[in-house]
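Have the view open as you read.

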Number of protein chains: 2
Amino acid sequence: MDKQISQAVIRRLPRYYRYLGELLDDGVERISSNDLSKRMHVTASQIRQDLNNFGGFGQQGYGYNVAYLHDEIGNILGVNETHNVIVIGAGNLGQAIAGYVKFERVGFKIIGLFDTNPELKGKMVRDLPIQMLDELPDFIKNNDVEIAALTLPKANAKSTALKLVSLGVHAIWNFAHVDLDDIPDVVIENVHLSDSLMQLSYNITKQK
Amino acid sequence: MDKQISQAVIRRLPRYYRYLGELLDDGVERISSNDLSKRMHVTASQIRQDLNNFGGFGQQGYGYNVAYLHDEIGNILGVNETHNVIVIGAGNLGQAIAGYVKFERVGFKIIGLFDTNPELKGKMVRDLPIQMLDELPDFIKNNDVEIAALTLPKANAKSTALKLVSLGVHAIWNFAHVDLDDIPDVVIENVHLSDSLMQLSYNITKQK
DNA sequence: TAGATTGTTAATCGATTAACAATC
DNA sequence: TAGATTGTTAATCGATTAACAATC
């Protein structure tokens, strides 16, 4: 891609995608940046600027075709292809993620679930058996694994991430409470739940 | 609080808190903004600016006392007090959150877990029985509930949020895939997992 | 054509970084 | 005191908003 697009823009794309999906479900055929801006509580200017980072998806005097724009944003985000995901760490959160993401209509498919605890071996979560971590290299060899979700204790996160990268998995959805940003050749997306909760806590406290 | 502090700053505080906690565990007594900046891959200038939104916690020529700064940031975030949390929606994710957050040393305590599915009634998750949603008003009356985590289908999220606010709960940790930002008198913190996954997906796609 | 609305340039605003005087 | 490092002001950078010519 030619010019670097800021993460601020990228963070907004899934929200546009969601609103357009809802409009689509409601049978709305076209929408102007102005109408969309009112629904989403953002400026029309921002919507047009954001979209024009990727191309001209609208038409003067008409607005945007909902189905077309929805599909285009889907393409940009890469959700119109299937992405195979494995989950490392089959605790509560790992099992929830394994069961949860499948529900989304977007194209992420959980194909494996791993842990180190021998007591969990073979336990079924939905239609997936929990596998032991030493089966991971073979599994990756035999399956097209694109993303690994790390739902394991922070102590094991970094070494596991390094192992994943060496096995050829270059995208990590990190739920462990550590930063993995010094690992080369990998895209990291963090979900730090306790950070999120602290932010909430601050905003409550401030309000008083 | 006098001047409005931007959410960009607030978002960084939990990360400072985490790094200071680790330094504390490692027995480090003091640290300069410069040393901390190297560890965290941010600028020293940003650290000093961020902290000075809340007061002068350092000392010229010395730096920052780790224990003191850790504690002060904890106070700002409100994690040195206990916050009672209930979880609405006892599916996979709700059960995971109910079991998970308790593990954190920060002061969030899950005291109730609710669902509408009668089959789940009374089922124990850790030491909490799943209660039915119609027991919620009494529960809130008899307990000091500060935060509600919404881990339920998007279709029910808004009406549940409205009900919570009317019952006196003014902080929502929202895992449902909807925006609740048009509800008055409530602080919302969103965790949109599928948005996060899409962002990851974009960053993979871009890389290629 | 006239009206509507985009795509895009220009202006503004806010956040980040740099610089340095204050001070421990 | 001299050296180190903060707190804070000033400069820069980037993101958001406004404005409007292009055009459907």
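Of the DNA strand C atoms that lie within 4 Å of the protein, 55% are sugar or phosphate atoms, and the rest belong to bases. Keep in mind that this is a predicted model.

On the protein side, 24 residues sit around DNA strand C, and the nearest are Ser33(A), Arg48(A), Gln49(A), Ser45(B) and Gln49(B). What does that surface look like by class? It has 18 polar residues, with three charged and three nonpolar ones.

As for where these residues come from, chain A puts in helix H3 (44-52), strand E2 (58-59) and strand E3 (63-65), while chain B brings its own helix H3 (44-52); each of these elements supplies at least two residues of the surface near DNA strand C. Which element has the largest share? That would be H3(B), with four residues.

| Protein side | DNA strand C side | Distance |
|---|---|---|
| Ser33(A), side-chain N or O atom | phosphate oxygen | 2.6 Å |
| Gly61(A), backbone N or O atom | sugar or linking oxygen | 3.0 Å |
| Gln49(B), polar side-chain atom | base oxygen | 2.6 Å |

Two of these residues, Ser33(A) and Gln49(B), also turn up among the nearest ones to DNA strand C.

Now for the rings. Arg30(A) lies over the face of Tyr62(A), 4.9 Å from the ring centre. In chain B, Arg30(B) is likewise over the face of Tyr62(B), at 4.9 Å from the ring centre.

How many aromatic pairs are there over all chains? A search of the whole structure turns up eight. One to look at is Trp173(A) with Phe175(A): this pair is edge-to-face, at 4.8 Å centre to centre with 70 degrees between the planes.

Terms used:
Residues are numbered from 1 along each chain as its sequence is written. Chains are lettered from A and ligands numbered from 1 in the order in which they are written. This is a predicted model: local features need pLDDT of at least 70, side-chain atom pairs count only at pLDDT 80 or more; totals for chains, interfaces and linings use all residues. Side-chain values use heavy atoms; hydrogens and water are left out. Rings of Phe, Tyr and Trp (its six-membered ring) pair if their centres lie within 6.5 Å; planes under 30 degrees apart count as stacked, over 60 as edge-to-face and the rest as tilted. A charge sits over a ring if NZ of Lys or CZ of Arg is within 6 Å of the ring centre and within 35 degrees of the ring normal. A residue is near a molecule or strand if one of its heavy atoms lies within 4 Å of it. A polar contact is a pair of N or O atoms within 3.5 Å; within protein, one must be able to donate a hydrogen and the other to accept it, and residues adjacent in sequence count only if both atoms are side-chain atoms. Ala, Val, Leu, Ile, Met, Phe, Trp, Tyr, Cys and Pro count as nonpolar, Asp, Glu, Lys and Arg as charged, and the others, Gly among them, as polar.
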